[in-house]
Amino acid sequence: VQLQASGGGLVQAGGSLRLSCAASGRTFSEDRVGWFRQPPGKERELIGAIRWRDGSTYYADAVKGRFTISREYAKNTVYLQMNSLKPEDTAVYFCAAGPGRTLTRRDYTYWGQGTQVTVSS
């Protein structure tokens with residue numbers, strides 16, 4: 001099982017980016033898929049998650065109202081749409097997948113490689 005995260009880059013404050021997390025080797029089916037980020041010198045934090053089966057979502061307060069997680073069945077892909085980006089959103093972003101219904105859980109089975117997001121002021 002591999003997760004491929006992509007879509008990071010450099011953007012000005014106030015701009016938008018969309019990250020993708022594609023799975024190969026299995027479908028998300030009963031999984032929850034989470035997005036984490038790790039700012040420079042800080043710990044990795046859960047910023048949001050989606051339950052693949054019913055589309056329920058969770059967002060951390062820091063991104064609520066600006067970030068949106070969605071899924072696309074046909075491509076077995078989860079997206080993280082990031083709007084109104086701030087310099088403090090600069091981090092390496094990771095996607096992860098794992099079984100279970102509780103979206104605030106931080107334990108995941110599968111992890112993608114990180115993708116860098118840099119927001120300039």
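Modeller: A polar contact is a pair of N or O atoms within 3.5 Å; within protein, one must be able to donate a hydrogen and the other to accept it, and residues adjacent in sequence count only if both atoms are side-chain atoms. The model is predicted, so local features need pLDDT of at least 70 and side-chain atom pairs count only at pLDDT 80 or more, while totals for chains, interfaces and linings use all residues. Residues are numbered from 1 along each chain as its sequence is written, and side-chain values use heavy atoms, with hydrogens and water left out.

Thr90 is placed in the loop between β8 (77-82) and β9; strands (E, at least two residues) are DSSP runs numbered from the N terminus. Its relative accessibility is 17%, so Thr90 counts as buried (under 20% relative accessible area; exposed is over 50% and partly exposed in between, with a 1.4 Å probe and protein chains only). With neighbours within four places in sequence left aside, Thr90 is in contact (heavy atoms within 4.5 Å) with Pro39 and Pro40, and also with Gln116, Val117, Thr118 and Val119.

Of these partners, Gln116 deserves a separate description. Gln116 belongs to strand β11 and, at 39% relative accessibility, counts as partly exposed. Residues up to four places away in sequence aside, Gln116 touches Thr90, Ala91 and Val92 as well as Gly8 and Gly9. Gly8 and Gln116 are 108 residues apart in sequence, yet their C-alpha atoms are 5.2 Å apart in space. The side chain of Gln116 also takes part in polar contacts: with the backbone oxygen of Ala91 at 3.4 Å, and with the side chain of Thr118 at 3.3 Å. Thr118, like Gln116, is among the residues that Thr90 touches.

The torsion about the S-S bond is about 75°, so the disulfide of Cys21 and Cys95 is right-handed. Both cysteines are buried.

Strand β3 also pairs with β1 in the antiparallel sense over 5 bridges (two strands pair if DSSP finds at least two bridges). Leu3 stands opposite Ala23 of β3. On β1, Leu3 and Ala5 form the covered face, whereas Gln2, Gln4 and Ser6 form the uncovered one.

A nonpolar core is a set of buried Ala, Val, Leu, Ile, Met, Phe, Trp, Tyr and Cys residues joined through side-chain atoms within 4.5 Å. The largest one has 27 residues, and Phe28, Trp35, Phe67, Val78, Leu80, Met82 and Tyr93 have the most contacts inside it. Two or more of its residues come from each of β1 (2-6), β3, β4 (31-38), β5 (45-51), β7 (67-72), β8, β9 and β11 (115-120). Another core, of 7 residues, lies apart from it and includes Leu46, Ala49, Phe94 and Tyr108. Met82, not counting residues up to four places away in sequence, touches Gly15, Ser16, Leu17, Leu19, Arg66, Phe67, Tyr93 and Val117. Val117 is also one of the residues in contact with Thr90.

Charged pairs complete the description. The structure holds 7 salt bridges (a side-chain nitrogen of Lys or Arg within 4 Å of a carboxyl oxygen of Asp or Glu). In one of them, the closest N and O atoms of Arg32 and Asp107 are 3.8 Å apart. Arg32 lies in strand β4 and Asp107 in the loop between β9 and β10 (110-111), so this pair ties together parts that are 75 residues apart in sequence. Arg32 is buried, with a relative accessible area of 1%, whereas Asp107 is partly exposed at 42%. Asp54 and Arg51 form another salt bridge, with the closest N and O atoms 3.1 Å apart. Here Asp54 is partly exposed, with a relative accessible area of 40%, and Arg51 counts as buried at 14%. Lys64 and Asp61 meet at 3.2 Å, N to O, and Asp61 counts as exposed at 67% relative accessibility. Salt bridges that share partners join Arg37, Glu45, Arg66 and Asp89 into one network.

Technical notes: A disulfide is a pair of cysteine sulfur atoms within 2.5 Å. Helices (H or I, at least four residues) and strands (E, at least two) are DSSP runs, numbered from the N terminus.
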